[in-house]
Amino acid sequence: EVMLGIASDYQTAAEDGVSDAQYNLGVCLQNGWGTEIDLRLAASWFRRAAVQGNPDAQNNLGWCCENGWDDIDGSSALLAHESLVATFRHRYQAKANEELEHHFDGTNKACERATALKWYYEAALQGHACAQYNVGRCFQKGIGMPQSLKEGVRWYTKSAAQGHPDGLYRLGLCVLEGWGISRVPTAAVVLFKRSAAQNHLESQNALG
């Protein structure tokens, strides 16, 4: 089978340390392309590519961490949380500082979320549009850090500026509802239309 051959080719290059091959092998394992689905093994290959700075792998590893598909060390997760707090503390008002310190409680879910946001952020810094959307989603929903609607909007805006359909849709929702930004329904419609043109179902539904 062709996909089996491709997966085998990826594995050879991946074992030689080629980050793109490591990422692609992870995608094959994640989706069952040319191999059986193995989400934990997929995460392990994403991690190998992520530590080499591959933004696609960093974003996918973040998703794996968020969904509990990666083996996460508690001490590493705590370091990730402390780094995030140091990076984003200035985005919160002073009264939120205590919440920042105690948002991480050491549970498995807290470890998963802090590590997920760490990897999304690493990819977002490299301009990865989907990762920028994911960082925005984390801040909007309080995943890995306390909720900050304004910070969510900031990252959705970066994603939307690159035309990412999810970024456009989420920014449109924020503009429509006034979440972290002024409410301007006409601007929301423009964003939904740009996303809907990429066959984004939720945006199409939002337009009626």
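Just after helix α4, glycine 68 takes a positive phi of about 75 degrees; helices here are DSSP runs of H or I with at least four residues, strands are runs of E with at least two, and both are numbered from the N terminus. The model is a predicted one, in which local features need pLDDT of at least 70 and side-chain atom pairs count only at pLDDT 80 or more, while totals for chains, interfaces and linings use all residues. Residues are numbered from 1 along each chain as its sequence is written, and side-chain values use heavy atoms, with hydrogens and water left out.

At the N-terminal end, asparagine 54 caps α4, with a side-chain oxygen 3.1 Å from the backbone nitrogen of aspartate 56. Nine of the twelve residues of α4 are buried, so the helix is largely enclosed by the rest of the structure, where buried means under 20% relative accessible area, exposed over 50% and partly exposed in between, computed with a 1.4 Å probe on protein chains only. The buried residues are Ala57, Gln58, Asn59, Asn60, Leu61, Gly62, Cys64, Cys65 and Glu66. The elements that cover them include α2 (19-31), α3 (39-50), α7 (108-125) and α8 (129-141), with contact taken as heavy atoms within 4.5 Å.

Glutamate 66, which lies in α4, is buried with a relative accessible area of 14%. Not counting residues up to four places away in sequence, glutamate 66 touches Lys109, Glu112, Ala116, Tyr120, Arg137 and Ile143.

Beyond α4, in the loop between α4 and α5, is aspartate 70, which counts as buried at 10% relative accessibility. The side chain of aspartate 70 makes a polar contact of 2.3 Å with the side chain of arginine 47; a polar contact is a pair of N or O atoms within 3.5 Å, and within protein one must be able to donate a hydrogen and the other to accept it, residues adjacent in sequence counting only if both atoms are side-chain atoms. Leaving aside neighbours within four places in sequence, aspartate 70 is in contact with Arg40, Ala43, Arg47, Leu61, Cys64 and Cys65.

The next topic is the packing of helices against one another. Two packed helices are described by the angle between their axes and the distance between the axes. The axes of α5 (residues 74-88) and α7 come within 8 Å and cross at roughly 55 degrees, the axes being lines fitted to C-alpha atoms, for helices over the stretch in contact, with angles that run from 0 to 180 degrees between N-to-C directions. That angle makes α5 oblique to α7, since angles under 35 degrees count as roughly parallel, over 145 as roughly antiparallel, 65 to 115 as roughly perpendicular and the rest as oblique. The contact is made by Gly74, Ala77, Ala80, His81, Leu84, Thr87 and Phe88 of α5 and by Cys111, Ala114, Thr115, Leu117, Lys118 and Tyr121 of α7.

Threonine 107 and glycine 74 are 33 residues apart in sequence and 8.5 Å apart in space, C-alpha to C-alpha. Threonine 107 counts as partly exposed at 36% relative accessibility, and its side chain makes a polar contact of 2.8 Å with the side chain of aspartate 105.

Leaving aside neighbours within four places in sequence, cysteine 138 is in contact with Leu117, Tyr120 and Ile143.

Finally, asparagine 199 lies in the loop between α11 (185-196) and α12 (201-206). Asparagine 199 has a positive phi of about 65 degrees although it is not a glycine, and at 65% relative accessibility it counts as exposed.
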